[in-house]
Amino acid sequence: MNYGKSARSTNAQNWFLHRITGTFLIFLLIVHLWVQHYDHQTATIAVQTVTAEQFEAGTLPTYPDEAVSAVRAQTGNATMEVTPYDVVMQRLSDPVYAVLWKGFNILFLLFALHHGFYGLNNVLSDYIRNDMARAITKVLTWTLALVLLIVGLYSVITAGWNYSP
Amino acid sequence: MKLTVKIKRYNPEKDTAPHWQSYEVPAEPLDSALALLLHIKWHIDGTLTFRKSCAHGICGSDAMQINGENKLACSILVQDIVKGDGDTITFAPLPGSPVIKDLVIDQTRFFEKYRAVMPWLINNTPPPEKERIQSPEDFDLIEDATKCIMCGACTHSCPSTWADPDYLGPAAMLKAYRYTLDTRDEGSDERLGVVDSKEGLWKCYTIFNCVQACPKEIDITRWLSALKRKSVTARL
Amino acid sequence: MIFSHDVVIVGAGGAGLMAALYAKEGGADVAVVSKLHPLRSHTGAAQGGIGAALGNEEEDNWLWHTFDTVKGSDYLGDQDAIEIMCKDAPRTIIELEHYGVPFSRNKQGKISQRRFGGHTRNFGEAAVRRACHAADRTGHAIMHTLYDQCTRQGVRFYDEYQVLDLIMTPDGACNGAVAYEILTGEVHTFHSKIVCMATGGYGRAFKTTSNAHAGTGDGLAMVLRNGLPLEDMEFVQFHPTGLYRLGILITEGARGEGGILRNNDGERFMERYAPTVKDLAPRDLVSQCMYKEIRAGRGINGKEHLYLDMTHVGEEVLLKKLPEITIFSRTYMGVDPITEPIPVAPTCHYAMGGIPTNFNSQVETGNREAIVPGLYAAGECACVSVHGANRLGTNSLLDLVVFGRRAGMAMAQEIEERRRERKLPLPDAPEKRTRDMLEAILSRTEGEPVVNVRTDLQQSMMDNVSVFRNDETLSTAVADMEGLRQRARNVVVRDKGKAFNTELMDAVEIDFMVDYAEAIAAGAHHRTESRGAHSREDYDKRNDDEWLKHTIYQSDCEGNFEFSYKDVVITRFQPKERKY
Ligand SMILES: Cc1cc2nc3c(=O)[nH]c(=O)nc-3n(C[C@H](O)[C@H](O)[C@H](O)COP(=O)(O)OP(=O)(O)OC[C@H]3O[C@@H](n4cnc5c(N)ncnc54)[C@H](O)[C@@H]3O)c2cc1C
Ligand code: FES
């Protein structure tokens, strides 16, 4: 084994980023969970939880009145049935509000992908020790990350565009 | 009291695979685990093979797996591992290196890694007439790491090393830390070039097994983390 | 197989590594052959310190150090060699520091120094801080650094090769060694221009010892068996503070930091014997006093040990300056030195005698003019003699580095001078004697196990040749050796394999052990006086008229031995009564 004879890897930067993304992810996750499940103000919380069977049978959770009426007001349809998709889209189609939320989600996406894929790469390189195979896994995993990033960015950025329920 | 001592035996000239063998050994609570092995070797079965020398935890010869944990046989007492009469103690070689015979492992790779990190003081400035000055605080920074006896208990307890035998491992990188953070050393560039590599620091996932295994109670993970920070700042 | 190198160093402790480093730096092709991996050598166990008159803490002077060493040796040390050692000490320590040895530091950032037994200011006035140290793991710090440096220099190491014989030409020059490769069971020849012995001490010849299991003095037996002499073998140092029954060492540094020895009455008995330096008297004296206390019935609860009291020293000092011994007491005795006194008794510690060398570490044939061409020796196995009849604490590590360094430089120079010469030709079948010996052991199917012989030998040495000796005990010991020799040559081993056969090496070591144990016992019997560590109850005075001389022991290793003598070199300090 020729230790250290290989060029310095990009591991130092990646490791450092891993710490930073890790730290930020804690906060991002807390905000995410809070917004998704606990916050009345952003009005996304379902009052009722739906079991898997109910969901299969097509039951939708009931939403607080504020959320339902906000969606209905926006669409001008005072009797429509409100789905979770509608609730999220309503939020993301608001031009001012959406910039904040999209920014948040893009950051979240980037950090989670880097954190997860750097970790995954480490684990894989522990067990895949052939240099060639390592290079291939590395390319493959980061390509996958890139694809997921593109899909993710696409969905986040375009979400709410031309939304009409 | 009487104990059952179970040992993972392997004789390269006879066996195709390791097997367990048990011995009944008289013991006192204050006997070291090494004393049990010596008793077997001297009085019961001379073919039992293990390394030993100082018998008080300073030479690093007899790191092995005792009841599943990496320990120095000479530095752990019977009373610390068994409850009483008739209990069993198991001995196995350190995991993660090829076994030569019984409890003796091949340390070639372990020392190859040690050599790889340039484990010596690098300082090309002509030295002063007297000693190089180093404050007690600066000395404190490396003192813990200088306690290392190179027994291998840490590296052979490290899941990263088990998974990837090329990984430099805690012992070698602790040496790198000991010299890199020595205020008298000027070789951090060269040395970091080795530890800041694919097989180096970044495979330490702070699992802390090394800290738990170290018979000298060195805070290895802490020092490796410091070395990681040093590597990052050196690149910024 | 035949390995060929300019210099072959046998042993990789402090002395071997130091010699290797300087020989290599001097341009020689150096191989170090060691039965243990170098880092497992017993130099790593040295705790307390290494002496040098650096004067970092208070005024000091190499002449004071010289005086202390001469007086400590009970005037048997060769004063020219002692002067060299003490004068060289500061420079050598500084070189070690430059190599990277992590010494503890004082407030000014200089190497920290502490008190040690027998080291005084101004020719005996009061204790002086002279022991440079790395907490209480000084030997470990030095040895690891030396190994690191040898690695850097590309010294060739043959680890786990046990040397079993020297190769001598018909003219009595040494040109190689025969070694057994433990891993494979092969016997190899090392062919060289120079061989340097650095095989360390023989504490394992005694029942209670601070020495490692590997401390079996092989080098001494090899020298004897090749017709070369040993010097001053009767002087064996017992360290006062070994853990009771185990013999594990509690450094003298513990007393240097303020520890006190107490008997069953709680009395600080050393005040009675050595009013000036008290507990910091030299080791021979303290060990003898401890035995006297125990014999007078003042051992703790009637047992054969006393207390080392550190409780007043304070937790901080113990944890910061003496961490290792704090852990040893806790682990092995279940005693916490912060709150309880440690049970201690004298333990066999150090060999003052050994292979006679001059101060360039060249082996002598027993008289000062005649050296053995191609053979050097350094460290505990050698006798320069700087320790005379009793070694001072911190002077052994110093001996290793000063004379190891000198050996290295002298060997490099000799190689340079002999650059154009070829190595002296090997004799026919240089390995024959070794192969025959191993074959004989392996083919034997009946006999007693090694442990029986070794236990009996150790017991006899402990009972008869320890701190106090007399005609009766010593005659017994010498007589015992005859029987032990026959038994040692007829041990049987169960392991007949080639791979890592340590039992076979145990059998060889016990055979060797009888040869030098006999030298110790016979030497002690022969010397009818008390001097330093050699304390005869039937001749309890030092006798300078008859015995101010080194004994040179020669033996055919069949029970026939003879003595000759070598004068002591006296330069500055005339022998005086030794009082502390
Ligand atoms: C517990 C303890 C504490 C001490 N503390 C101090 C102290 O504080 N200050 C001080 O000055 N002194 C101290 N000493 C004394 C000092 O440490 C020793 O005298 C010294 O280390 C001996 O060094 P050495 O290089 O001669 O031999 P060692 O370090 O014993 O090395 C011997 C070498 O020879 C090799 N060897 C032996 N036989 C063979 C063979 N047949 N073939 C091949 N290789 C062989 C071994 O593998 C080993 O590498 C202490 C000693 C002990 C035991
Ligand atoms: S025998 Fe030396 S560390 Fe255990």
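How many residues of chain B are in contact with chain A, and how many of chain A with chain B? This is a predicted model, and in it 23 residues of chain B are in contact with 20 residues of chain A. Between them, chain B and chain A bury about 2,200 Å², and carbon and sulfur atoms account for 54% of that area. On the chain B side, the residues that lose the most area to chain A are Lys198(B), Trp202(B) and Arg235(B); together they make up 28% of what that side buries.

The polar part of the interface can be counted as well. There are 4 salt bridges between chain B and chain A. In one of these salt bridges, the side chain of Asp164(B) meets that of Arg129(A), with an N to O distance of 3.9 Å. Polar contact is found for 7 residue pairs between chain B and chain A, with both residues at pLDDT 80 or more. Three helices of chain B, namely helix 3 (108-116), helix 7 (188-195) and helix 9 (220-235), each supply at least two residues of the side that touches chain A. By residue class, that side of chain B divides into 12 charged, 9 nonpolar and 2 polar residues.

The next subject is the ligand. Around ligand 1 there are 39 residues, and those that come nearest are Ser41(C), Thr43(C), Glu380(C), Ser396(C) and Leu397(C). For Thr43(C), an N or O atom in the side chain is 2.4 Å from an oxygen atom of ligand 1. Backbone atoms take part too: a backbone N or O atom of Ala15(C) lies 3.0 Å from an oxygen atom of ligand 1, and a polar backbone atom of Gly49(C) is 2.9 Å from a nitrogen atom of the ligand. On its own, ligand 1 has 1,000 Å² of accessible area, and the protein covers 97% of this.

Which elements give two or more residues to the shell around ligand 1? In chain C they are helix 1 (14-25), helix 5 (218-225) and helix 11 (395-417), along with strand 2 (30-34), strand 7 (161-168) and strand 14 (342-351). Helix 11 of chain C gives the most, with 4 residues. The residues of the shell divide into 20 polar, 15 nonpolar and 4 charged.

Notes: Residues are numbered from 1 along each chain as its sequence is written. Chains are lettered from A and ligands numbered from 1 in the order in which they are written. This is a predicted model: local features need pLDDT of at least 70, side-chain atom pairs count only at pLDDT 80 or more; totals for chains, interfaces and linings use all residues. Side-chain values use heavy atoms; hydrogens and water are left out. A residue is near a molecule or strand if one of its heavy atoms lies within 4 Å of it. A polar contact is a pair of N or O atoms within 3.5 Å; within protein, one must be able to donate a hydrogen and the other to accept it, and residues adjacent in sequence count only if both atoms are side-chain atoms. Accessible areas come from the Shrake-Rupley method with a 1.4 Å probe; for residues, only the protein chains shown count as cover. Ala, Val, Leu, Ile, Met, Phe, Trp, Tyr, Cys and Pro count as nonpolar, Asp, Glu, Lys and Arg as charged, and the others, Gly among them, as polar. Contact means heavy atoms within 4.5 Å. Buried area is the accessible area (1.4 Å probe) that two parts lose on being put together, summed over both.
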